[in-house]
Amino acid sequence: MTKIIGKNELESWLSGIMKERTVFAPTRVDDLILFRPVQSADEIVFDYENTNLSPKELFFPKTETLFTAVPKDGDIELTPTTVDQEVILFGIRPCDARGIAILDGPFLDEPADSLWSQHREKTTMIGLSCTKPAPQCFCTSMGSAPNDASNVDIMLTQVEDGYAVETITEKGEKLLQGVELRESDVQPPVPTCDVNIPAEGIVEAITKMFDDPYWSRLADRCIHCNVCAYVCPTCYCFDIRDRTDKGKTERIRTWESCQSKGFTRIAGGYDPRADKGTRLRQRFCHKLLYFPQQFGALGCVGCGRCVIACPVNIDIREIISDVQKIGAEVGQGSN
Amino acid sequence: MGSDFTQQIRDKAKELLEKGTVECVIGYETGSDGFSARPAFIYEPAEVERLVFDNTCSHNLVKYLLNKKGKPTAVIVKGCDSRSLNLLLSEKQIDRDNIFIIGVVCPGVVEWGWNNRSDQLQIRCNWCRQHNPVIYDFLVGEPVTEGPPDDFADIAAMETKSTEEREAFWREQAEHCVRCYACRQACPGCYCIDCFVEQLDPEWVGIRIAPEENLMWNTIRAFHLAGRCISCNECERVCPVNIPLSLLNRRIEREVLGLFDYRAGMSEDAVAPLITFMKDEKLGIGE
């Protein structure tokens, strides 16, 4: 049997939660769709492909103070940031939820990142299956699916008279306590994402063609902005700097990207990735080679945001295909 | 327009590469959605068939010349792009002898995104008075008569709002900004080796990606382009959160036009008003 919640019941349930906790949901901001705190269910956009920016910023904000330091009694008092706010993240897509789970790899690896852990603990994720994947989507090729419920607490899938509800975790169960769900024999639709990107064997292929001139040719076109990294649900590079104002020092972490000139510049001015080709290669090698080597999964979830946001059409799907082709050629040559 | 322009560009590119006049032709090819354009770098005569020209060719390719210093390169420029080429020549950033300019009389570019194309012209084309390239070695298309002077209606509309409304408007835009620097990276006028925003000593703008710092970033960048912006509006096109940067840039452009009767990039030996001082120059506003 499928458990169903009607659209009206869903909205009143969410409205109830909003009274006690902060609910982030996809909402229209000018001509963008972004995750923002919503005060009423009317503000939520239900029929969106995906948000312009990924929800990773709820766990890894653009800017976050790690700790503050003030002089006290001849010593220095350090106060680490704590996350107190309980958050409900409504409407996260399966690809983005997978992105969060993937980032648990680096952030929860010992020593675990305290802020990431706290955000994770304080957040309950209500997923929303994709009914119609967008043309840029390729989640299935990256090991997920439009209705993949494995990385959320509650999963909703739109059916004719409401939403089919799957309770995945204890956190989800707790949130659903007291909510009346209707039993139904309606089977939720199983949407498919038909774009097939040849990701199998990519680790070997990219290793083989690591030194290929392909990267510097591709970098001809790249303008080395940080758009791809900042819309990406799995890019997590950051910069840290101290900021002192009126005797109080904050250690601040902000988003950064391997595409920035100077991101890898070290003391003395040396930059091991000074040219555009090696910088661009780094992004794809991190996702398709280093990340799987370190944490198992590919560092891409197939959300397609970079595909549509890149100002010069550096398309990861095309790159994966090219890498496979060149890798196979290089492989043959060396045999 | 499309196929004929495309053929002329391919023929010229082939000739330049075969003769060895240039090492590379920077033009446009069809992108991964199968219909919209993206920049292309052609090194071999056999590759010229990749080149296309149509109304999605909005990228300003002049920026790429900064990566080709000392290498003979051909570049395709529309009217607006050609002005940025003059800007870089007048600021001695590129060497005219190394550049072969294929100018295209621009039919206008449409609003498009990946896998998404409309018939509506981009806003840059509304104010454009430079469909004909101002500098070229080879021209594609018949020069057209340019329209009457731009009335900056968009700026005038913005000015009907109160100071408070405008402040609220820009604060909200700053809220959206993620400081990805795509605006800077796409801009042919932004070529500082160390951009002020990344300097640490002094630290002109804080590291935080937050409204105060973001406002500072966008404002200073606009001021650095005073009298230099040629309104190709690539900054606005590439912005992932759609900040209407033209409202900043064109406000300053109108000021420069009024004070100095100057439009950036109209000739390769222009003396830009804000980087020069004339003995008999008025000191400006209020005189």
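Visitor: Of the six residues of β5(A), how many are buried?
Guide: This is a predicted model. The number of buried residues in β5(A) is zero, so the strand lies largely in the open.

Visitor: Which sheet does β5(A) belong to, and in what order do the strands run?
Guide: It belongs to an open sheet of four strands in chain A, ordered β5-β4-β12-β11, with antiparallel pairing. Its edge strands are β5 (75-80) and β11 (238-245) of chain A, each of which pairs on one side only. From one strand to the next, the twist averages 20 degrees.

Visitor: How many bridges join β4(A) to β5(A)?
Guide: Six bridges join strand β4 (residues 63-72) of chain A to β5(A), and the two run antiparallel. Within this pairing, F67(A) stands opposite P80(A).

Visitor: Which residue in the hairpin of β4(A) and β5(A) takes a positive phi?
Guide: D73(A) does, with a phi near 50 degrees. That hairpin has two residues between the strands.

Visitor: And what about the hairpin of β11(A) and β12(A): which residue in the turn has a positive phi?
Guide: K246(A), with a positive phi of about 50 degrees; two residues lie between the strands of this hairpin. β11(A) pairs with strand β12 (residues 248-255) of chain A in the antiparallel sense over eight bridges. R241(A) stands opposite I252(A) of β12(A).

Visitor: What is the pairing between β4(A) and β12(A)?
Guide: Those strands pair in the antiparallel sense over six bridges. E64(A) has R253(A) of β12(A) opposite to it.

Visitor: In which sense do β1 and β10(A) pair?
Guide: Strand β1 (residues 2-5) of chain A and β10(A) are antiparallel, with three bridges. One of the residues involved is K3(A), whose bridge partner in β10(A) is E183(A).

Visitor: I noticed L128(A) as well. Is it buried or exposed?
Guide: L128(A) counts as buried, because it has 23 C-beta neighbours inside 10 Å, and 20 or more are required for that class. Its place is in strand β7 (residues 123-128) of chain A.

Visitor: Which residues does L128(A) touch, leaving aside those up to four places away in sequence?
Guide: They are G91(A), R93(A) and L156(A).

Visitor: Now the helices. At what angle do α6 and α8 of chain A pack?
Guide: Helix α6 (residues 214-221) and helix α8 (residues 276-295) of chain A pack at about 100 degrees, and their axes are 8 Å apart. The two helices are therefore roughly perpendicular to each other.

Visitor: Which residues make that contact?
Guide: From α6(A) come W215(A), S216(A), L218(A) and A219(A), and from α8(A) come K276(A), G277(A), L280(A) and R281(A). By class, the contact has four nonpolar, two polar and two charged residues.

Visitor: Turning to chain B, how many helices and strands are there?
Guide: Chain B comes to nine helices and seven strands. Of its 287 residues, 43% count as buried.

Visitor: What is the radius of gyration of chain B?
Guide: It is 19 Å, which agrees with the value near 19 Å for a compact globule with 287 residues. Along the principal axes, the C-alpha atoms fill a box of roughly 55 × 50 × 45 Å. Among contacts in chain B between residues at least 6 apart in sequence, 70% join residues at least 24 apart.

Notes. Residues numbered from 1 in each chain as written. Chains lettered and ligands numbered in written order. Predicted model: local features only at pLDDT ≥ 70, side-chain atom pairs only at ≥ 80, totals over all residues. Pairing = 2+ DSSP bridges. Axes fitted to C-alpha atoms, helices over the stretch in contact; angles between N-to-C directions. Parallel < 35°, antiparallel > 145°, perpendicular 65-115°, else oblique. Contact = placed C-beta atoms within 7 Å. Nonpolar A, V, L, I, M, F, W, Y, C, P; charged D, E, K, R; others polar. Buried ≥ 20, exposed ≤ 12 C-beta atoms within 10 Å, placed from the backbone. Rg over C-alpha atoms; globule rule 2.2 N^0.38 Å.
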